[in-house]
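Please look over the structure shown below before reading the briefing that follows.

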Amino acid sequence: VQLQACGGGPVQPGGSLRLSCAASGSIFSINVMGWYRQAPGKQRELVASITNSGSSNYAEFVKGRFTISRDNAKNTGYLQMNSLKPGDTAVYYCNVDLFEVGAQWPKGYWGQGTLVTVSS
């Protein structure tokens, strides 16, 4: 299983970006898709997550600004980020909890990370 995350880049404060994370390989089903971020010198933290039924969860610091979504048919998750602030600067990682074909238990995978830089 591989995760390919993309969509990061430089953006001015107040701007928007859309991250995507595509999972590929021997996937039976994806339970939870999530986005985490890690700023320089800080621990990795949860930004948002979404279950296979569409139930979403957000960190307080992104509520009302970020929206997580997923396309189950494409095994792809998205993070729409609006009203970006300099404090949102970080490497953003996608994470999935999924069942591989033939597996009895779910397994977690991380994407490679995509850098978001919010600066004027």
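**Ser 49 and its surroundings**

Leaving aside neighbours within four places in sequence, Ser 49 is in contact (heavy atoms within 4.5 Å) with Val 32, Met 33, Gly 34, Ser 55, Ser 56, Asn 57 and Ile 68. This is a predicted model, in which local features need pLDDT of at least 70 and side-chain atom pairs count only at pLDDT 80 or more, whereas totals for chains, interfaces and linings use all residues. Residues are numbered from 1 along each chain as its sequence is written, and side-chain values use heavy atoms, with hydrogens and water left out.

- Ser 49 belongs to strand β5, residues 45–51, where strands (E, at least two residues) and helices (H or I, at least four) are DSSP runs numbered from the N terminus.
- Ser 49 counts as buried because its relative accessibility is 16%, the classes being buried under 20% relative accessible area, exposed over 50% and partly exposed in between, with a 1.4 Å probe and protein chains only.

**The strands around β5**

- Strands β4 and β5 pair in the antiparallel sense over six bridges, two strands being counted as paired if DSSP finds at least two bridges between them.
- Within this pairing, Trp 35 stands opposite Ala 48 of β5, and in the hairpin of β4 and β5, with six residues between the strands, Gly 41 takes a positive phi near 80°.
- Strand β5 is also joined by three bridges to β6 (residues 56–58), the two running antiparallel, and Ile 50 stands opposite Ser 56 in β6.
- The hairpin of β5 and β6 has four residues between the strands, and there Gly 54 takes a positive phi near 95°.

**The four-stranded sheet**

- An open sheet is formed by four strands in the order β1-β3-β8-β7, with antiparallel pairing.
- Its edge strands, each pairing on one side only, are β1 (2–6) and β7 (66–71).
- From one strand to the next the twist averages 15°, taken from axes that are lines fitted to C-alpha atoms, with angles running from 0 to 180 degrees between N-to-C directions.
- Strands β7 and β8 (residues 76–81) run antiparallel and are joined by six bridges, and the bridge partner of Phe 66 in β8 is Met 81.

- Most residues other than glycine have a negative phi.
- Asn 75, in the loop between β7 and β8, has a positive phi near 50°, and Asn 75 is partly exposed because its relative accessible area is 23%.
- Ser 83, in the loop between β8 and β9 (90–100), likewise has a positive phi of about 50° although it is not a glycine, and Ser 83 counts as partly exposed because its relative accessibility is 40%.

**The cavity**

- The count comes to one cavity of 30 Å³ or more, a cavity being a set of points, on a 1 Å grid over the protein atoms alone, where a 1.4 Å probe fits but cannot get out.
- The largest cavity has a volume of about 40 Å³, the volume being the space filled by probe spheres set on grid points that are joined across faces, edges and corners.
- Its lining residues, which have an atom within 4 Å of a point, are Cys 21, Met 33, Gly 34, Trp 35, Ile 68, Ser 69, Gly 77, Tyr 78 and Cys 94.
- Two or more lining residues are given by each of β4 (27–38), β7 and β8, and the largest share, three residues, comes from β4.
- The lining of the largest cavity divides into six nonpolar, three polar and no charged residues, where Ala, Val, Leu, Ile, Met, Phe, Trp, Tyr, Cys and Pro count as nonpolar, Asp, Glu, Lys and Arg as charged, and the others, Gly among them, as polar.

Notes
On a 1 Å grid over the protein atoms alone, a cavity is a set of points where a 1.4 Å probe fits but cannot get out, and a pocket is an open set with protein on both sides within 12 Å along at least five of seven lines; lining residues have an atom within 4 Å of a point.
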